[in-house]
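Hi everyone, thanks for coming. Let's have the structure up on the screen, and then I'll walk you through a few spots in it.

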Amino acid sequence: FFLTRGESKAMGRLFKAYLEGNVLYTCSQCSTHLSLHDQLISTSFHGRTGRAYLFSKVVNVSHGPLEERIFTTGLHSVRDIYCISCHSNVGWYYEEAYEENQKYKEGKFIVEKALMRKTAVKK
């Protein structure tokens with residue numbers, strides 16, 4: 001990926017990562033790049049809006065405060081993630097999983113399918 005500079009009136013200069021790959025996942029509101037298909041781990045998750053995807057890496061997001069949430073798989077420490085361009089909530093980040101069989105989620109991101117777009121890049 002590469003970084004470029006854009007303007008944000010609220011916070012000064014905004015640095016965004018622009019990803020290069022065959023399939024991109026972008027914010028559904030403003031098309032800011034979020035992740036690559038290569039970073040997709042699973043499509044079998046559920047969020048507030050329905051289906052959600054687990055990614056190993058997501059860019060161009062800010063993190064909200066740490067929260068304890070009880071999911072069907074147990075208690076987790078998570079932070080909501082927001083698009084840095086339009087500030088829409090796009091999912092959450094797993095800080096810590098308390099169940100041993102859920103530890104694989106730590107350091108990973110959930111992006112809700114309804115809050116992103118999948119784009120095939122034409123070459």
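Before we start, one term: a residue is called buried if its relative accessible area is under 20%. And keep in mind that what you're looking at is a predicted model.

So, with that cut-off, is W92 buried or exposed? W92 comes out at 3% relative accessibility, so it counts as buried. Y94 is buried as well, with a relative accessible area of 2%.

Now look at Y93 and F109. How is that aromatic pair arranged? The pair is tilted, with 4.8 Å from centre to centre and 50 degrees between the planes. Y93 belongs to strand β9, residues 89-97, while F109 belongs to strand β10, residues 109-112, so this pair ties together parts that are 16 residues apart in sequence. Y93 has 17% relative accessibility, so Y93 counts as buried. F109 is buried too, at 8% relative accessible area.

There's also a ring cluster to find: Y25, Y53 and F55 are linked by ring pairs.

Next up, a sheet. As a reminder, strands in a sheet pair through backbone hydrogen bonds, and they can run parallel or antiparallel. Here we have an open sheet of three strands, in the order β4-β3-β11, with antiparallel pairing. Which strands stand at the edges? Those are β4 (33-36) and β11 (116-120); each has a single partner strand, so one side of each has no neighbour in the sheet. From one strand to the next, the twist averages 30 degrees.

Let's zoom in on β3, residues 23-27. Strand β3 pairs with β4 in the antiparallel sense over three bridges.

T26 has 5% relative accessibility, so by our cut-off T26 counts as buried. Which residues does T26 touch, if we skip those up to four places away in sequence? The list is S31, T32, H33, L34, L115, M116, R117 and T119.

Conventions
Residues numbered from 1 in each chain as written. Predicted model: local features only at pLDDT ≥ 70, side-chain atom pairs only at ≥ 80, totals over all residues. Heavy atoms only, no water. Pairing = 2+ DSSP bridges. Helix = DSSP H or I, 4+ residues; strand = E, 2+ residues; numbered from the N terminus. Axes fitted to C-alpha atoms, helices over the stretch in contact; angles between N-to-C directions. Buried < 20%, exposed > 50% of the residue type's maximum accessible area, 1.4 Å probe, protein only. Contact = heavy atoms within 4.5 Å. Phe/Tyr/Trp six-rings, centres within 6.5 Å; stacked < 30°, edge-to-face > 60°.
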